[in-house]
Amino acid sequence: MAGIYVHIPFCKQRCAYCDFYSTVQHHLVGSYVEAVVAEARMRQIEGEIKTLYLGGGTPSQLPVQHLCSLVDGLRHALDLSHVDEFTVEVNPDDVSHEFAASLAGMGVNRVSMGVQSFIDEELAVINRRHDARGALDAIQALRGAGITNISIDLIYGLPGQTMMSWQKTLGTALAVRPQHISAYNLSYERGTRLWLMRERGEVVEADDKTCVEMYDLLTSMLGEAGYEHYEISNFGLPGFHSRHNSSYWDFTPYMGLGASAHSFDGKNRSYNPPSLTDYINCVSSGKLPGVVEEAELWEQYDEMVMVALRTSRGLLLKDVARRFGDKALKHLLSNAKQYFDNGQLVCSNGRISIPEASFMMSDGIIRDLMW
C-alpha cells in the first residue's frame, strides 16, 4: 500500500473546465465526513501507508472543524504513523493565515494549490474565484505557517492566453519558486461549461501549434530554473517529486475513500459511486461502496505501458516480462522499433522511455505500444 486518497467533493462554485465529481451542496458535509471515516474503518489495508492525499473538489471548502474531525477520524481508523507526505488541495482564496496554521496543526506538510494562471482575465474566463494577488498571498500564508512543500497547478491553452501571458504566468511562478509545479494542457470535456462555451462560439480553442510552443516554453523555463521534469505534466525541485502521485505511475497499490474515489490493489481497480447520497447511504448501512472492475491481463499490460511511459523513468522491460510473459515483451519491442529508429523512444539500463522532446507526442507512441 502506497497511500490513501480521500475525495472531498464540495466546491463553492464549479470551474468551467472541470469534469471531476463535485457538488456545491454543503448541507451533507457532516454526514459525509462521518461516512468517510466509517469507510476507512471497514477497509482492510496491508502494508505501511506512506502518503495521505485529500483531493477534490475543494478540500479547503470544508469548515476547519469538519476537516479536523476527518483527519482525527482517519488517524483512529488507520495506522498513519508511517505517513511522510500529507497533502491537501486548496483554492487560493480559502487560505487565510488562520486556515494555514490549522493545516499545519493537523500535520499537513504539503499543499497543492490550483492557481491555473497569474493573469486575472484568464482566471475569469474559466470561472476561477481567486485572482493572481490572492494566489501569491496564499503561498505566503502557507509558508508563514511552516508549510514549505507547496505545489501549484497551471494550465496552458486557455481561451485568450498568448505566449506573452503564458510567459508572464511562468515568470511569476518561478519568482515565488514553489517546490513543485503541475502544468496541464486545457481539455474541453463534454458536459462542462467550457465545452458549451466553445460550442456556442463564446471561446476559441487554442490550436495545436500554440499549445506545443507553450509546452516547449514551459519545459525550457522550468528546466533552466532547476526543476526536474519527471512526468509529462509534473516538475519538481530535487527531492520534491509528488510521492503520492508517483504511486499512480509506478503501479503501486493505493486506496481511495469517499464518493467517486478509485482504488487499485495491484491488479484490479474499484470505484465508489459518484453520488453523495448513494455513498453515505451505502456506508451507513454497513456496506463497502466500491464496485470492482476485474481487469484482463492485456488490460493490465496496456495500463502499465500507459502510466510508466508518462514518466521520465520509463518502463522496466523485465517488469513487462515478469508480469505478462515473453509474448507481451516481444509485442512491445516489435511495436517500439520504429520509435527507437526515429529517436522518440530510447532504451537505457533495461528501461524504455520517451525523451522530453517527444513528450507532446506521447499519446500516439503509447497507443501504438498497447496490446
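1. Buried means under 20% relative accessible area, exposed means over 50%, and partly exposed lies in between, with a 1.4 Å probe and protein chains only. By that rule Tyr-32 is buried, at 1% relative accessibility. Phe-10 is buried too, with a relative accessible area of 0%.

2. Basis of the values. This is a predicted model: local features need pLDDT of at least 70, side-chain atom pairs count only at pLDDT 80 or more, and totals for chains, interfaces and linings use all residues. Residues are numbered from 1 along each chain as its sequence is written, and side-chain values use heavy atoms, with hydrogens and water left out.

3. Aromatic pairs. Rings of Phe, Tyr and Trp (its six-membered ring) pair if their centres lie within 6.5 Å; planes under 30 degrees apart count as stacked, over 60 as edge-to-face and the rest as tilted. The structure holds 10 such pairs. One of them joins Phe-10 and Tyr-32, edge-to-face, at 5.5 Å centre to centre with 85° between the planes. Phe-10 lies in the loop between strand S1 (3–8) and helix H1 (29–42), and Tyr-32 lies in helix H1, so the pair ties together parts that are 22 residues apart in sequence. Helices (H or I, at least four residues) and strands (E, at least two) are DSSP runs, numbered from the N terminus. Phe-10, Tyr-32 and Tyr-279 form one aromatic cluster.

4. Charges over rings. The test is NZ of Lys or CZ of Arg within 6 Å of the ring centre and within 35 degrees of the ring normal. The charged end of Arg-198 sits over the ring of Trp-195, 4.7 Å from its centre. Arg-269 places its charged end over the ring of Phe-264, 4.1 Å from the centre.

5. Helix H13 (residues 326–342). H13 still bends by about 40° at Ala-336. The bend is the angle between axes fitted to the seven residues ending there and the seven starting there. Just after H13, Gly-343 takes a positive phi of about 85°.

6. Packing of H13. Ala-328, Leu-329, His-331, Leu-332, Ala-336 and Tyr-339 are buried. The buried residues of H13 pack against helix H11 (297–308), S13, helix H12 (317–324), S15 and helix H14 (362–369). Glu-299, in helix H11, is partly exposed at 33% relative accessibility. Glu-299 and Trp-371 are 72 residues apart in sequence and 7.9 Å apart in space, C-alpha to C-alpha.

7. Open sheet. Three strands run in the order S13-S15-S14, with antiparallel pairing. Strands S13 (315–316) and S14 (346–348) stand at the edges, each with a single partner strand, so one side of each is left without a neighbour in the sheet. S13 pairs with S15 (residues 351–353) over 2 bridges; pairing requires that DSSP finds at least two bridges. Leu-315 stands opposite Ile-352 in S15.

8. Hairpin. S7 (residues 228–231) and S8 (residues 234–236) run antiparallel, joined by 3 bridges. The hairpin connects S7 to S8 through 2 residues. His-229 stands opposite Phe-235 in S8.

9. Gln-116. It sits in strand S4 (residues 110–116). Gln-116 is buried, with a relative accessible area of 6%. Contact means heavy atoms within 4.5 Å. Leaving aside neighbours within four places in sequence, Gln-116 is in contact with residues including Tyr-17, Arg-128, Asp-153 and Leu-158.
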